[in-house]
Amino acid sequence: MQEYDLVVVGSGPAGRRGAIQAAKLGRKVLVIEQGKRVGGVSVHTGTIPSKTLRETALNLSGWRERGFYGRAYRVKQEISADDLRRRLLITLDHEVEVLEHQFARNRVQHMRGKAKFVTPETMEITRDDGETVHVQAKSIMLAVGTKPYRPESIPFDGVSVLDSDELLDIKDLPRSMAVIGAGVIGIEYATIFSALDTQVTVIDPKPTILDFIDREIVEEFIHDLRDRNMKLILGQKADKVEKLENGKCEITLDNGRHVTCDMVLYAAGRVGATDSLNLAAAGLTADSRGRLSVNPETFQTDVPHIYAAGDVVGFPSLASTSMEQGRIAARVAVGAIAKEPPKYFPYGIYAVPEISTCGLTEEEVKERGIPYECGMARFRETSRGHIMGLNSGLLKMIFSLKTRRLLGVHIVGEGATELVHIGQAVLNLKGTVEYFVENTFNYPTLAEAYKIAGLDAWNRMGDLSQAK
């Protein structure tokens, strides 16, 4: 039986970052991946594919140029599913190559097969040919990720009724689509297909969407969606999904309303991929959604030498935070010092338009009773925004009136996920409104919106240098 310092189950963002970190510290590491290629959900069905699909859709549809040339403008008149898939496959091949090279360069061993616990220290790996291998480890990291939640009441067929994994393999672009679930995944795909001129309807039982995002940003986002004729049916539950004889699908809502469309995307949640791990043999149990609870500082489970990181531990379920969780878990597992990451991290939603946020929302600031002021800037106020033909886009910053420190930055619009890092740096370095007022930003850029928003807040907060 082979023995390792660390065995990592799953090669997604958390697994690969944790494995490489342990290997760089001189430990013997094995990564077990049940997929055909390394990379996990992030590379093959999640983060990378959805963002590649988004970029391809925006490029081929001419979406970014429509502010100047009108809504009928298109780079390619007839866009097919094959057009979208071509770029996707090139990107995936590159990602896998990079990851395999990283493993080889750092001498991380990896094995393909399904892993399960035999004892808390021993795992059995079943290869594709049925052969079983047993490995023993001083520490084990579970980075198995999640898979789409698929209730039995939904007639999934992979053609007209799909989950988010199956959506990447569609043969034709639908003329109309209904998305059940207004979470991050549902909203991202809904807006991507809307940019391809598919008529999209989003259905969710909750009366609001993206509750963890600043409400003002969400309202701006919803206005943008409705302006391009996307339909949001909120506060109404999808009771039944049926495939009709004419090839269309019909959704019956709990109030008797009917929605007919060519394709249904069911994106109402994901579950941890823990059901095949035989957790009981390790002394672990998952919650009703297959997730594992961990110490948020060390990522240790209830069994001290077993760690879990990434989407399988729940919110925020981001590739970026999963990487950091995997790195910290690996350092703790091999006895190295692991510093706690900065308090505030950016959250990115790759919808059309993008949303990105870091720090406290206005709602959270109010709940804490902090006296505050907001600064706002619209992208169309910047010269770069006008050059790009942007009609929408909003940057909002929240400052403490007492300390003048930045408390939160919230952005909706083109490039939001890139722009947020300026605010993130100022936030974690405890910067004040004066940073944005006194510093020079490249001109013309969208980043200049920080200067505009900073001045907007500063004008109302008052100039400290003039205070008596």
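Student: Where is Pro 353 found?

Tutor: Pro 353 is in the loop between β18 (347-349) and β19 (355-359). Helices (H or I, at least four residues) and strands (E, at least two) are DSSP runs, numbered from the N terminus.

Student: What should I know about the model itself?

Tutor: It is a predicted model, in which local features need pLDDT of at least 70 and side-chain atom pairs count only at pLDDT 80 or more, while totals for chains, interfaces and linings use all residues. Residues are numbered from 1 along each chain as its sequence is written, and side-chain values use heavy atoms, with hydrogens and water left out.

Student: Back to Pro 353, then. Is the bond that joins Val 352 and Pro 353 cis or trans?

Tutor: The bond between Val 352 and Pro 353 is a cis peptide bond, and its omega is about 5 degrees.

Student: What about the peptide bond from Tyr 443 to Pro 444?

Tutor: The bond from Tyr 443 to Pro 444 is cis, with omega near 0 degrees. Pro 444 has its place in the loop between α12 (433-438) and α13 (448-461).

Student: Why mention such bonds?

Tutor: Because most peptide bonds are trans, and likewise most residues other than glycine have a negative phi.

Student: On phi, then: what is the value for Leu 210?

Tutor: Phi of Leu 210 is near 50 degrees, which is positive although the residue is not glycine. Leu 210 belongs to the loop between β10 and α7.

Student: Is Leu 210 buried or exposed?

Tutor: Leu 210 counts as buried, because its relative accessibility is 4%. Buried means under 20% relative accessible area, exposed over 50%, and partly exposed in between (1.4 Å probe, protein chains only).

Student: And how does Asn 278 compare on phi and setting?

Tutor: Asn 278 also has a positive phi, near 55 degrees, in a residue other than glycine. Asn 278 sits in the loop between β16 and β17. With 36% relative accessibility, Asn 278 counts as partly exposed.

Student: Where does Thr 274 lie?

Tutor: Thr 274 is in the loop between β16 (270-272) and β17 (306-308). Thr 274 is buried, since its relative accessible area is 6%.

Student: Which residues is Thr 274 in contact with?

Tutor: Apart from neighbours within four places in sequence, Thr 274 is in contact (heavy atoms within 4.5 Å) with Val 144, Leu 279, Ala 286, Gly 290, Leu 292 and Val 312.

Student: Let us change topic to the sheets. What is the order of the strands in the open sheet of five?

Tutor: The order is β8-β15-β9-β10-β11, and the pairing is parallel. Two strands pair if DSSP finds at least two bridges between them.

Student: Which strands stand at the edges?

Tutor: The edge strands are β8 (161-162) and β11 (231-234); each has a single partner strand, so one side of each has no neighbour in the sheet.

Student: How many bridges join β10 to β11?

Tutor: Four bridges join β10 to β11, and the two run parallel. Thr 201 stands opposite Lys 231 in β11.

Student: Which strands does helix α6 lie across?

Tutor: Helix α6 (residues 184-195) lies across β9 (176-180), β10 and β15 (263-266), and α6 runs at about 165 degrees to β10. Here axes are lines fitted to C-alpha atoms, for helices over the stretch in contact, and angles run from 0 to 180 degrees between N-to-C directions.

Student: Now β6. In which sense do β1 and β6 pair, parallel or antiparallel?

Tutor: Strand β1 (residues 2-9) pairs with strand β6 (residues 132-142) in the parallel sense, over seven bridges. Tyr 4 has Ala 137 of β6 as its bridge partner.

Student: And β5 with β6?

Tutor: Strand β5 (residues 122-126) pairs with β6 in the antiparallel sense, over five bridges. Thr 126 has Thr 132 of β6 as its bridge partner.

Student: What do β5 and β6 form?

Tutor: β5 and β6 form a hairpin with five residues between them, and Gly 130 in the turn has a positive phi of about 95 degrees.

Student: Over how many bridges do β6 and β17 pair?

Tutor: β6 and β17 pair over three bridges, in the parallel sense. Within β17, Ala 308 is the residue that Leu 142 stands opposite.
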